[in-house]
Amino acid sequence: MRNPYDVLGVPKGASEADIKKAYRKLAKAYHPDRNAGDAKAKDRFAEANSAYEILGDAGKRGQFDRGEIDGDGKPRASGFEGFGGFGGGGGRAGGFGFENAARGRGAGPGGGGPGGMGDDIFSHLFGEAFRAGAGGAGAGQREPAKGEDVAAELAVTLEQVASEEKLRLSLPGGRDVDVVVPRGVIDGQVIRLRGLGSPGGRGAPGDALLTIRILPHARFTPDGADLRASVEVPLEDAVLGGPIRVPTLTGAVEMRIPAMTSSGRTFRLKGKGLPKKDGTRGDLFATTAVALPSAEDTALTDYAKARRAARVG
């Protein structure tokens with residue numbers, strides 16, 4: 001796995017918005033739906049998705065920057081630097097280092113085949129998995145092929161994103177799974193569902209690459225984790241000020257506006273947006289649209305005529 005910053009083409013100090021923008025651009029360009037049968041595009045798509053899994057999560061990004069995990073999100077091995085051998089032998093003649101242990105396998109007594117020192121020392125350090133893996137490699141065997149990845153899409157509403165709802169999804173091949181809409185998801189983001197792809201015979205199954213599509217909303221427009229909406233304000237409330245009702249994804253709330261509020265003013269309702277990865281929520285930005293009475297209002301008409309006459313005069 002390459003450095004995720006290089007994969008997305010952003011510097012290490014890139015903002016969250018820049019990382020999202022770069023990921024979206026790559027995901028759109030290399031999505032399997034647009035590149036059927038293109039193996040290179042498939043690899044680039046998977047690589048971009050893996051990179052965003054690291055950099056799109058503040059916690060994982062911090063771990064990567066500190067060197068605690070690699071580009072695949074796996075912990076980096078530590079604690080063996082400078083370990084030259086046992087008994088202080090190091091690299092000197094007679095010292096017993098990793099190289100000597102490896103050479104011991106297949107050598108004379110005490111270092112020969114299974115049960116020899118070469119096997120035992122590595123098995124002691126790393127477990128029996130090393131013995132089996134080393135033996136297989138020595139015999140020219142290859143790991144069983146992993147199953148193919150499959151692509152799927154999940155269309156969600158803003159309400160479902162806000163409530164982190166669990167949804168039923170049918171994958172290619174007829175398998176049904178329950179999927180929880182993740183926090184901080186953005187439109188077009190690809191989520192890897194490990195092990196839910198095609199069977200791999202004797203190897204591990206592939207993964208399901210799930211593209212999230214956020215459906216358009218009649219009232220709200222997402223802007224990252226924030227939402228934007230237009231709110232009608234009756235003329236009398238715009239002139240006199242006071243409380244108005246503002247709809248949100250979780251129900252209407254009350255907001256006070258000042259007197260003489262004109263159309264186009266934007267007010268912020270903190271925490272009324274979409275969930276973020278860190279557990280907090282974005283905000284709702286409500287822009288006022290002053291609404292005139294739907295029926296004829298004689299008093300209002302007379303008032304407007306008087307105002308016009310005063311201005312002209």
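Me: A polar contact is a pair of N or O atoms within 3.5 Å. At the start of H4, which backbone nitrogen does a side-chain oxygen of Asp57 reach?
Reply: The model is a predicted one. In it, a side-chain oxygen of Asp57 comes to within 2.9 Å of a backbone nitrogen at the start of H4. The residue that carries this nitrogen is Gly59.

Me: On which side or sides of H4 do its buried residues lie?
Reply: Helix H4 spans residues 58–65, and its buried residues are Arg61, Gly62 and Phe64. Because they cover an arc of only 160° around the axis, they lie on the same side of H4.

Me: Which residue with a positive phi follows H4?
Reply: After the helix comes a glycine with phi near 80°. That residue is Gly67.

Me: Which helices each supply at least two residues of the lining of the largest pocket?
Reply: The largest pocket holds about 410 Å³ of space. Its lining counts 25 residues, of which Glu16, Lys20, Gly56, Lys276 and Lys277 are the closest to its centre. The helices that each supply at least two lining residues are H2, H3 and H4.

Me: What percentage of the residues in the protein chain is buried?
Reply: The chain comes to ten helices and eleven strands. A residue is buried when its relative accessible area is under 20%. Of the 313 residues, the buried share is 35%.

Definitions and conventions. Residues are numbered from 1 along each chain as its sequence is written. This is a predicted model: local features need pLDDT of at least 70, side-chain atom pairs count only at pLDDT 80 or more; totals for chains, interfaces and linings use all residues. Side-chain values use heavy atoms; hydrogens and water are left out. Buried means under 20% relative accessible area, exposed over 50%, partly exposed in between (1.4 Å probe, protein chains only). Helices (H or I, at least four residues) and strands (E, at least two) are DSSP runs, numbered from the N terminus. The arc is that of the directions from the helix axis to the C-beta atoms. A polar contact is a pair of N or O atoms within 3.5 Å; within protein, one must be able to donate a hydrogen and the other to accept it, and residues adjacent in sequence count only if both atoms are side-chain atoms. On a 1 Å grid over the protein atoms alone, a cavity is a set of points where a 1.4 Å probe fits but cannot get out, and a pocket is an open set with protein on both sides within 12 Å along at least five of seven lines; lining residues have an atom within 4 Å of a point. Grid points are joined across faces, edges and corners, and a volume is the space filled by probe spheres set on the points.
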